[in-house]
Amino acid sequence: MKEEPPLWLKFSGEELDVRSVPIYELGDTLVAVQRIIHKTFLFQNDRLKKHAQLTQDERKRLSLQISERRKSSDLYALVPFAVDPALQQYLLTLLKVGLGSLAKYALKSVLSNSQKPQSGNTSIQTRDVEGSVLVGAIYAETVQITNHINNIGGIDSIELIPSANLNISSVKLTPETQTYVREIANERYRGEADEIVGYVTRLYPNRLLADIKLAPSRYVKVALSEEDFDFVRYETVTEQQLRFKGRPVVRLGKDLSTFQEFDAESVEIDEA
C-alpha cells in the first residue's frame, strides 16, 4: 500500500478543474512553503534572530519535493527529499510546527487582542504574537502565498492539508486571510528576550526614550521605565557603555536582527 504523503498543497478555483495554476504562482507558493520550514529549523536551533543562512547540506536535508499531482482543483503531494527515515521524521516535526504557526494567520489570531504600552510609558506601542516569535517571522512568506489568491491564476483559496499522522488541522488561506494579512502589515510585536550594548546619543524625557548607538550606523530607540530613565540620565556619563536587557520590537516581516526599537526591562553599566 502506498504511503500517504505528509502534505498536500491544494489550489482551488472555478477553472482549476480543467487547467493548472500558472508556473509562477505555483513556484512562488512552493518556495514560500519551503522557506517556512527553513525558518522553523532556524527558530528551533536558536539561529533565527542571528540572520543565519542554512548550509547547503541543511537545505538538502530540509527540502521537500513534489511526488504526485492530481486534478482535484489543482493538488500537489509534497514529500521529503531525503531518503533517511530519521531525517524524514525530523522534517515532519518541523512541518508540524511551521503549519501550526501559519494557522494563526488563517485563524486571524496572529497578535494579542490588546495593544498596550511597554515599560510603563506610551512611547512604544506594540503587541505580543500568539505563540512563538516564529509566527511573526513567517509573515513575509504568508504574504507571498496569499498574494496569489484572486490573482492571474483564478485561485480562490490555497490549502495545506497534512496527513492524518501529523495530527494537525489543515490550513486554508482565503480572500479573508489575504485581507487580514494586509491589514496587519505595519504591526509590531515583541521578540524573545535579548540584550543590547551601546551608549546614549539622545534622551527624550517626555517620552522616556533613549537613542542608543550599538555600532557605526546602527541605532536603536530604547523605551525605559521612569526609574531606569533617571538612572541613565543622572548616573551615567557621556558615551558610557550600557547594557539593556529586554525584548526587541519587530515589525512583521522584518528580520529579527534588524530591529530599530527595544523595550528595556533593565539597564546597567557594561563592565566588559
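Predicted model: local features only at pLDDT ≥ 70, side-chain atom pairs only at ≥ 80, totals over all residues.
Hi everyone. Let's begin with the whole chain. It has seven helices and 13 strands. Along its principal axes, the C-alpha trace spans about 75 × 40 × 30 Å. There are 272 residues, and buried ones make up 48% of them. If you take the contacts with a separation of 6 or more, 67% come from residues 24 or more positions apart.

Now please find helix α3, residues 85-106. With 22 residues, α3 reaches 31 Å from its first C-alpha to its last, close to the 32 Å expected at 1.5 Å a residue. Look at the ends next. After α3 comes Lys108, which has a positive phi, near 55°.

Which residues of α3 are buried? They are Leu91, Leu92, Leu94, Leu95, Gly98, Leu99, Ser101, Leu102, Ala103 and Tyr105.

Let's bring in a partner, helix α1, residues 23-44. Two packed helices are described by the angle between their axes and the distance between the axes. Here the axes of α1 and α3 come within 9 Å and cross at roughly 100°. Angles of 65 to 115 degrees count as roughly perpendicular, so α1 is roughly perpendicular to α3. From α1, the contact uses Ile36, Ile37, Thr40, Phe41 and Gln44. From α3, it uses Tyr90, Leu91, Leu94, Leu95, Val97, Gly98 and Leu102. By type, the residues of this contact are nine nonpolar, three polar and no charged.

Now for the two single residues. Thr177 sits in helix α6, residues 175-183. Is Thr177 buried or exposed? It counts as buried because its relative accessibility is 1%, and the cut-off for buried is under 20%. Leaving out residues up to four places away in sequence, Thr177 touches Tyr105, Ala106, Thr146 and Lys172.

Ala193 lies in the loop between β8 (188-190) and β9 (194-204). With a relative accessible area of 61%, Ala193 is exposed. Apart from neighbours within four places in sequence, Ala193 is in contact with Lys49, Gly246 and Arg247. And how far is Ala193 from Thr40 in sequence and in space? The two are 153 residues apart in sequence, and 18 Å apart in space, C-alpha to C-alpha. Thr40 was on our list for the α1 side of the helix contact.

Note on methods:
Residues numbered from 1 in each chain as written. Heavy atoms only, no water. Helix = DSSP H or I, 4+ residues; strand = E, 2+ residues; numbered from the N terminus. Expected span 1.5 Å × (residues − 1). Buried < 20%, exposed > 50% of the residue type's maximum accessible area, 1.4 Å probe, protein only. Axes fitted to C-alpha atoms, helices over the stretch in contact; angles between N-to-C directions. Parallel < 35°, antiparallel > 145°, perpendicular 65-115°, else oblique. Contact = heavy atoms within 4.5 Å. Nonpolar A, V, L, I, M, F, W, Y, C, P; charged D, E, K, R; others polar.
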